[in-house]
Amino acid sequence: MIITCKKDAPQSEVDKIVHSFESQGLQVNIIHGANYNVFGIVGDTHVVDEKRLMSNPWVENVTRVAAPYKKVNRFFHPEDTIVDVGGIKVGGKEKIVVIGGPCSVEGLDMVCSVAEEVKAAGGCMLRGGAYKPRTSPYAFQGMGTEGILAMAEARKRTGMPIVSEIMSADKIDEFVEHVDLLQVGARNMQNFDLLKALGKINKPILLKRGLSNTIEEWLMSAEYIMAGGNENVILCERGIRTFEKYTRNTLDLSVVPIVKKKTHLPIIIDPSHATGNWELVESMSLAAIAAGADGLIVEVHPNPEEAWSDGAQSLKPKKFKEMIDKARVIANVVGRDL
Ligand code: PEP
Ligand code: MN
């Protein structure tokens, strides 16, 4: 960390600043310039609050050299993290995972039959929302516990691990008991109490990028979970808000190589929420794999016109299978299996 101080700062102020770093176990190297004094702070500066430093009238500028995240940083953990979700390995250089299933669980029979089709198509995990973060309070809010139990039954029948969204920390016990991969949705990416609570369990977490969040904010949210002790985090890009209205969101595929460089965590792509349009899902899925993503999470519905949520972006099972067959070819081109 580099701190630039005004040259005319009284010695007592300089001493105060130096002391505050040294008392935190950090080393301070001072360069006396013509117009400024520059402090090079060496050590674990993650604990330093740069906003507080900037409130000092003698401090002109504060620059972080290291990223503010530590646990997610590839610099401190060069190997890829591979997250085990009920026996399915996510991350690493070999496998691509495809997760499929409805936006919302709409009943036991429905979710079990979609699960069979997802599996037959080549999917390896089932998704399905039981607690739904809907924009309107009048829209279907999800089946709740009944939906989670239906997902658990689908896992029993197909052997596929299940993914579902947790919206509040008071449901953690239910999710730990029944769900293999706990999804934190875009709207909860900065629900820090939820992230802290998820840091205390040892189930894998699928952390979606927030609607309008930067990569650094997203990685800091992953840091919250990991700082609590849960290192099983998978990142998911699901499109961000831009001025473009043709698609529901704008799929930011450049995050794949960026996240791969900055972190050791696996990253998967959700082309369904990213585009909002089933016709775009296949091409974005293929592009995601070509870009180096570790997997896909795709909405699949037997009858999208009748879906209780997100029908417009859901693939019919037949189309889902066609997409996977093409994705396998791309996976092979980039040296991976699907
Ligand atoms: C979902 O996966 O159904 C969902 C609501 O996703 P997101 O949080 O990305 O909008
Ligand atoms: Mn959805």
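Student: How are the donor residues of the manganese ion (ligand 2) spaced in sequence?
Tutor: In this predicted model, the donor residues of the manganese ion (ligand 2) follow the spacing C-x169-H-x25-E-x10-D.

Student: Which atoms are the protein donors of that ion?
Tutor: The protein donors of the manganese ion (ligand 2) are SG of C103, NE2 of H273, OE of E299 and OD of D310.

Student: Where do E299 and D310 sit?
Tutor: E299 belongs to strand β14, residues 295-299. D310 is in the loop between β14 and α11 (317-333), and the two residues are eleven apart.

Student: Is E299 buried or exposed?
Tutor: E299 counts as buried, because its relative accessibility is 1% and the cut-off for buried is under 20%.

Student: Turning to cysteines, how many disulfides does the count give?
Tutor: The count comes to zero disulfides. For C112, the nearest cysteine sulfur is that of C103, 18 Å away, and C112 is in no disulfide.

Student: Are C112 and C124 buried or exposed?
Tutor: C112 is buried, with a relative accessible area of 5%. C124 is also buried, with a value of 18%.

Student: Which residues of α3 are buried?
Tutor: In α3 the buried residues are M110, V111, C112, V114, A115, V118 and A121. The elements that cover them include β7 (97-101), β8 (125-127), α4 (145-158) and α11.

Student: What span should helix α3 have, and what does the model show?
Tutor: Helix α3 covers residues 108-121, and its 14 residues should span 20 Å at 1.5 Å a residue. Its end C-alpha atoms are 20 Å apart, which agrees. Just after α3, G122 takes a positive phi of about 115 degrees.

Student: What about helix α7 and its span?
Tutor: Helix α7 runs over residues 215-227, and its 13 residues should span 18 Å at 1.5 Å a residue. The end C-alpha atoms are 18 Å apart, in agreement with that value. G229 follows α7 and has a positive phi, near 120 degrees.

Student: Which residues of α7 are buried, and what do they pack against?
Tutor: The buried residues of α7 are I215, W218, L219, S221, A222, E223, I225 and M226. They pack against α6, β11, β12 (233-237), α8 (255-262) and β13 (267-269).

Student: How many bridges join β10 to β11?
Tutor: Three bridges join strand β10 (residues 181-184) to β11, and the two strands run parallel. L182 stands opposite I205 in β11.

Student: Where is P204 placed, and is it buried or exposed?
Tutor: P204 is in the loop between α6 (192-199) and β11. The residue is buried, with a relative accessible area of 6%.

Student: What is P204 in contact with, neighbours within four places in sequence aside?
Tutor: P204 is in contact with V83, D84, V85, D180, L181, L182 and N232. In sequence P204 and N232 are 28 residues apart, whereas their C-alpha atoms are 4.7 Å apart in space.

Student: Which strands does β1 pair with?
Tutor: Strand β1 (residues 2-6) pairs with strand β4 (residues 59-63) in the antiparallel sense over four bridges. I2 stands opposite T63 in β4. Five bridges join β1 to strand β3 (residues 36-42), again antiparallel. The bridge partner of C5 in β3 is N37.

Student: Finally, how many helices and strands does the protein have?
Tutor: The protein has eleven helices and 14 strands. Its C-alpha atoms fill a box of roughly 75 × 45 × 40 Å along the principal axes. Of the 338 residues, 53% are buried.

Notes: Residues numbered from 1 in each chain as written. Chains lettered and ligands numbered in written order. Predicted model: local features only at pLDDT ≥ 70, side-chain atom pairs only at ≥ 80, totals over all residues. Heavy atoms only, no water. Disulfide = S-S within 2.5 Å. Buried < 20%, exposed > 50% of the residue type's maximum accessible area, 1.4 Å probe, protein only. Donors = N, O, S within 2.8 Å, 3.2 Å for Na, K, Ca; no water. Expected span 1.5 Å × (residues − 1). Contact = heavy atoms within 4.5 Å. Pairing = 2+ DSSP bridges.
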